[in-house]
Each structure stands twice: as C-alpha cells, then as structure tokens.
Amino acid sequence: MQIPSRTIQATPVAPGIAIGRVMLLHSSGSRNVPVTTIEPEEVSAEISRFHAALDITKKQLHDLREQLKSQLNEKEADIFDAHILLVDDRTMTTEVEKNITTERFGAEYSVHLAVEKFSAAFAAVPDEYLQERAMDVKDVGARIIGNLSDRIPAQQLHDEPRIIATSTLTPSETVGLDRERVLAFAVETGSTTSHTAILARSLQIPAVVGVPKDVLDALTIADQLVVDGFSGKVIINPDGATLDAYRLKQQQAKKFYNQLSEDNDLLPVTRDGFVIELAANVDVGDDYSTVRNAGAAGVGLFRTEFIFMDPARLPGENEQFEIYKKLLIAAGNNPVTIRTMDIGGDKLSNAIVRSEEQNPFLGLRGIRLCLRERRDLFETQLRALMRAGVHGNLQIMIPMVSCMDEILETKKIIAELQQQLTGENIPFAANIPLGVMIETPAAVMISGHLAAEADFFSIGTNDLIQYTIATDRSNERVGHLYRPGHPAVLQMIKLTVANAMSHNIPVTVCGQTAEDISMTPLLIGLGVNELSMPPGPMPLLRRTIRQLAMAECVELAEQALKCKSAAEVMELSRRMIRRCVPELADV
C-alpha cells in the first residue's frame, strides 16, 4: 500500500533528477555483532583467523578498486586506497589483537569494538571531511566481520531500475550495486564530502542525504519517488502533473550536463567581464591531472591533516617536503594554497595532543595547537613548506585564527626558520604569501587588522557558519538552523571582504558554500574573488558564472543584506538563478 503524497526537503549531494519506485536497502554495517568470548588456548588461533580475514578483505578491496577504475578513473578508484590503508593500519590491527589477547573476545566482536572506537575518534575531529572518514572505518570493519563469518552481502537484485532508499550507504555497497538498475540514492546519513556522495557524482547518479528516518521507515517497494539532486527535494508518490513537470526537467537537465564539459577551457568570467577564479580543494594522494582537466586555477585548499593522522608515526620534514614538492611541480605556475595542520584535541591524535578535551571544536586546534602545544611539529611543517616553495607557486594558510597574536607569532617563527635554513645552506622560498582562514566571528571582527598583516584571506564557511549561528550541522536536531544564506553570515562575509579590499588583498571562499550554486550570485555580489571546491562541481559553477553579471550580483547582495531571514535571501538568489541560468530552474 502506498503512503500519502508528500514532499520533503533533504540535502542535495549529487545533481540530476530521478523518477522511479523504491528499493529499500538495509546496510550490512557492523552493528549488532554478538559478544563472544574465547578460552586462553584459543587466542593464537583466533588471531590467525583475524589475519586471514584481513588478507581476504584486502584482496576484495583491490578487486573493487580495479572494478571502479575500469568504470570511472584513477581518482575515484583511489577511494579504496584509503580502505586498503585501513586494513594495513597497524594501530587498528593492534587494537583488535589486544581485544582478543587481553579481553578474550572473539575476532568478530574484537573488530567491532575497534571499529566503534576509531570511527568515533574520526567523528570527533573538528573537520567535516575527516568526520566523514568514520563511514570508511565502518565500511572496512563490516567487510572484515563479514569475512570472519562468511557473510559478505550479495549484490542487491531487483526487477527494474529503482531509487535506493537507505539509512546509510558505504562506498563498497555503492560500487557493488548494479549501476544499470540504480536511478538515485535517498539516504538518511552523509554529506557532500562523504565518499558515497563523491562516487554518486562520479557515477552521475542523483543523490540526496538527510532523508528523515520516519520517512524511510514508512516507505515500501510500492512507493514511487522523485529525487531532485539539484534542490534536494524528495517527492513521495507525486501526482500526474508533478510527474510530467519533472520528466520535462529531467530531459532538460540531461542535455545541459552533456554540454558542460565543453566549457572547461573557458574562463569563469561574468557577462560584464569580471573573472571569478575557480580553484580546487585537494588532499594527499589526489591526482593533479583531475584538477587540470577541470580547468581549475590551481589549488585553493590542500588539507595536510591526513599526513598526521597515524598516531604511531608522525611525518618528518623530508617526508612532508616530498609531498608538497610533488604537488607544486604538478601545478606548475598555478598557485597552490597549503593549509597548515588543523588537528584538534580528539582521541585519534593522541600522539599530537597531550590531553583530551571535552569540546575539541572550541579547544586547542588549528593554529592554537601549533603555537601553544606542538610548536615542534609546526616548525617542521613550515620548514618543509619553505623548502618546497622553490618548486612552485606556494601560498601558506593558517587555520582557526582568532587574534592578531597568532599571525604575528607565525611570522616571527617563519623569520627564525629562514635564518636557520640560510645557516644550513638549504634552498628555500623567501617570500611565500601567508594567508589567514577566516573561520571565527572574532577573525571577522578584527579582519581589518588581520588584513594589514596577511597576504590573502580564505573564508572557511563550514566553520564560520557553525560558529556564527552556534549550530552543529551534523546534529540532526539543530541542523535545520545551519543556513549559508543567514543574514548574519552574509554580514560576516561582507565585512571580511570590505576589510580585505581596503588592504588590496584577495578573498577566497573554500567551504561547502563555494560549490553551492544557489549561493554563487551572492558570493560574487559580496566581492569574493575566488571559489575553491572539489573538481567535480567546477563545470556547473563555470557555466553559472558565465551567465551572471557582476552588476546584477552586487545589486542582489545589497538586497539580500536587508532581508530578515535566510529563506528571503535564498528566494532572491534562486530567482536570479532561474532567470540567468534557466537550465537550473529549480536549484
């Protein structure tokens, strides 16, 4: 029996429109693993059984990687490199062995405990991208447990192409599905930075996250859905007129996306001649060719956190130097902005942070950690960056700034390191631009002073929005309050840009807001010079920018700053999108 027709608002993570009946997918996960205990004489055999499961898991992941590589390309296949590294991770295996040896738990439950511990640690890291890696840990853990119990889930089969509705969806499950029989994903958990979202975009499968659990629980295979990956709308059992409208939009969207790749060599310039640079967010191991093929103007954000995430082995200066050097050489003359380590007081970084904190989001993280507790690691990173700087167009950016002392002390350290390197006859780049991440309201309010010392600003909207509105968007109880178009957030961006302009320094937006099409006219109108994002959304952003006019965007921003609510702001912006980019009429 079908449930009554209704429309819900989810979060779009992969564009496109799908219309079809539901397939309810129950994720395997590693939950509900029974507690089993063993005798002392069984420990050795249980550890051997665990390692045998690891070997099987590693082979399966290699096979999945090759399968994905043949379907897409090297970059997407690299997702499973992270999974393979987790299988090889000595910290994880040692934890499982300890659970078997000391606690005398069976291998399945020992893996389950380790997975829960490490996924919780990732979830506590004050960086959304790293928080999403908790799903990868659970994915690998579920596969290991399945191999221990000979219960790897078979591929889901169904009678016709359907829309997958599920609470969670792991990369393994995503790749394991028959692409020809999957129309879209409607998922409860996840975000735009999750590996599943990345795969959905690469596979060109429309997807939304944040579908309420009560909706998923009520759905049956008889229900029909419309999933709008542009706006995030999910329409349950639509009427005939709605179906006709979305079928037409589906045809228009398909034609539009087929044309986007033709624009990659074109400048992202507005109709009245203003260039808005598009730069790429990249991570350790990313292939720069993907950035180049997307027509990006270099790297707007290179996260260095993953270099430091193995608590058993922190990277030395030479190891970091080689990583940075490789990226800079690949980028050629294009600028590469590298963010110094932004690690907080969470359990996973216990080799870095010497004490746990109750609230790592407001604790010793980013530049605070570097200056107050781990200056040794900070100096090592800065030396490696300064040495690598001779091989390309490097910019250094410091995160979580909240006062002038932090940038002044960083400059003092750089000057001291320059003297060291000179005395050691080691080549280094002497005049590397130093930028500040504007992520806190405090940084916004003193941005006039910061701009006098910084060479550029980069607005980290993910944190700035959360700190401004005092809401955790990963918390489903208050996530509805997280609104990039909130008038207070616009005022924050306006003040930051105004102070940057007064000191003639550029401003980049590098958070998720940068790839949000509905925010593009507002950011341009507020005076943002550059948008930094994953390579995937760039073609759509480029097309949008080329169909906007700076003068109209400035007028839009002025109107938006007078609005009383985020809803009013976004309606103004979407109205402009509908007029200037009619192909995205419902974004």
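**Backbone angles and cavities**

Guide: The model shown is predicted. Let us start with Met400, which is found in the loop that runs between strand S12 (393-398) and helix H16 (404-423).

Visitor: What is the phi of Met400 near?

Guide: As a general idea, most residues other than glycine have a negative phi. In this structure, Met400 has a phi near 60°, a positive value in a residue that is not glycine.

Visitor: Which other residue has a positive phi although it is not a glycine?

Guide: Asn504 does, with a phi of about 60°. Asn504 sits in the loop between helix H20 (487-502) and strand S15 (507-509).

Visitor: Is Met400 buried or exposed, and is Asn504 buried or exposed?

Guide: Met400 counts as buried because its relative accessibility is 2%, under the 20% cut-off. Asn504 counts as exposed because its relative accessibility is 72%, over the 50% cut-off.

Visitor: Which residues lie nearest the centre of the largest cavity?

Guide: They are Leu86, Met92, Val115, Val140 and Ile144, out of 13 lining residues. The lining comprises eleven nonpolar residues, two polar and no charged.

Visitor: Which helix gives the most to that lining?

Guide: H7 does, with four residues. Helices that each supply at least two residues include H1 (43-71), H5 (107-123) and H7 (133-148).

Note on methods
Residues numbered from 1 in each chain as written. Predicted model: local features only at pLDDT ≥ 70, side-chain atom pairs only at ≥ 80, totals over all residues. Heavy atoms only, no water. Buried < 20%, exposed > 50% of the residue type's maximum accessible area, 1.4 Å probe, protein only. 1 Å grid on protein atoms, 1.4 Å probe; cavity = no way out; pocket = protein on both sides within 12 Å on 5 of 7 lines; lining within 4 Å. Nonpolar A, V, L, I, M, F, W, Y, C, P; charged D, E, K, R; others polar.
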